[in-house]
Amino acid sequence: MRGNDACRIYPGRIEMLLTSARVRAFNAVLETGSFSAAAKKLGLSQPAITQSVRDIEREANITLFERRGRAIAPTALCAELYRLTAESERCETEALKLLKQHANLEIGTFQIGLGNSMPGMALIREFRRRFPGVQVQVELGSWANIIAAVVEQRVDVGVLPNVPDDGRFLRRICVKQDVV
């Protein structure tokens, strides 16, 4: 059986058929023209690459590469599948890059609630200096409104005097200000 029949043969396992690791291995074999070159490209062993491709073939009941001695030739299905898996791998790479940028505060949005603009603006200025790629959105409000914004997760952080000793909040002194 070939093609769509593979889904009927292994209905419980079809979700695991194209894992990220298998897709990378399959793509690398097609791109480099050999299992050993794919292994070198990915920094893996040749048996691991071979096993990944064989797992796809076995579980989907298909042939991706015709083996001719030490040479391999992609089948028509292989070329068609690669068109999709190459795009999938590119999207995964872009998604991981985006998540890394967010984790490193290179991009994104930071929402801050201010009960008093004076100390808050100094903190925002320093934050923008350190993280220029992050957009800062400010919500001004009363003490009670900013506490509510933090609890309701409308803001990432609230800058307030006299934050209650409450397990829901992490308190840090950022600025000391004398008032006359």
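This is a predicted model: local features need pLDDT of at least 70, side-chain atom pairs count only at pLDDT 80 or more; totals for chains, interfaces and linings use all residues.
Two strands pair if DSSP finds at least two bridges between them.

**Entry 1: the whole chain**

I began with the overall layout. I found seven helices and five strands. Reading along the sequence, I wrote the order down as α-α-α-α-β-β-α-β-α-β-α-β. The chain has 180 residues, and 27% of them are buried.

**Entry 2: strands β3 and β4**

Back to my opening definition. How many bridges join strand β3 to strand β4? I counted seven between β3 (residues 108–114) and β4 (residues 134–140), and the two strands run parallel. To get from β3 to β4 the chain passes through helix α6 (residues 117–130), and this β-α-β crossover is right-handed. For one bridge I looked up the residues themselves: Q111 has Q137 in β4 as its partner.

**Entry 3: aromatic rings**

Next I searched the whole structure for aromatic pairs and got four. I started with F110 and F127, whose ring centres are 4.6 Å apart. Their planes meet at 20°, which is under 30 degrees, so I logged the pair as stacked. F110 belongs to strand β3 and F127 to helix α6, so this pair ties together parts 17 residues apart in sequence.

Is F127 buried or exposed? F127 has 15% relative accessibility, so I put it down as buried. The ring of F127 also pairs with that of F131: the centres are 4.9 Å apart and the planes are at 45°, so I called this pair tilted. F131 itself is partly exposed, at 23% relative accessible area.

I then noted one aromatic cluster, formed by F26, F35 and F65.

**Entry 4: helix α2 and its neighbours**

Helix α2 covers residues 20–32, 13 residues in all, and reaches 18 Å from its first C-alpha to its last. That is close to the 18 Å expected at 1.5 Å a residue. After α2 comes G33, and its phi is positive, near 85°.

For the α4 side I picked S52, which lies in helix α4 (residues 46–60). S52 has 15% relative accessibility, so it counts as buried. Leaving out residues up to four places away in sequence, I found S52 touching R22 and A25.

**Entry 5: after β5**

My last stop was R168, in the segment after β5 (157–159). Its relative accessible area is 57%, so I recorded R168 as exposed. How far apart are the C-alpha atoms of R168 and V150? I noted 9.5 Å for these two, which sit 18 residues apart along the chain.

Note on methods: Residues are numbered from 1 along each chain as its sequence is written. Side-chain values use heavy atoms; hydrogens and water are left out. Helices (H or I, at least four residues) and strands (E, at least two) are DSSP runs, numbered from the N terminus. Buried means under 20% relative accessible area, exposed over 50%, partly exposed in between (1.4 Å probe, protein chains only). Contact means heavy atoms within 4.5 Å. A crossover is right-handed if, with the strands pointing away from the viewer, the path from the first strand over the helix to the second runs clockwise. The expected span of a helix is 1.5 Å times one less than its number of residues. Rings of Phe, Tyr and Trp (its six-membered ring) pair if their centres lie within 6.5 Å; planes under 30 degrees apart count as stacked, over 60 as edge-to-face and the rest as tilted.
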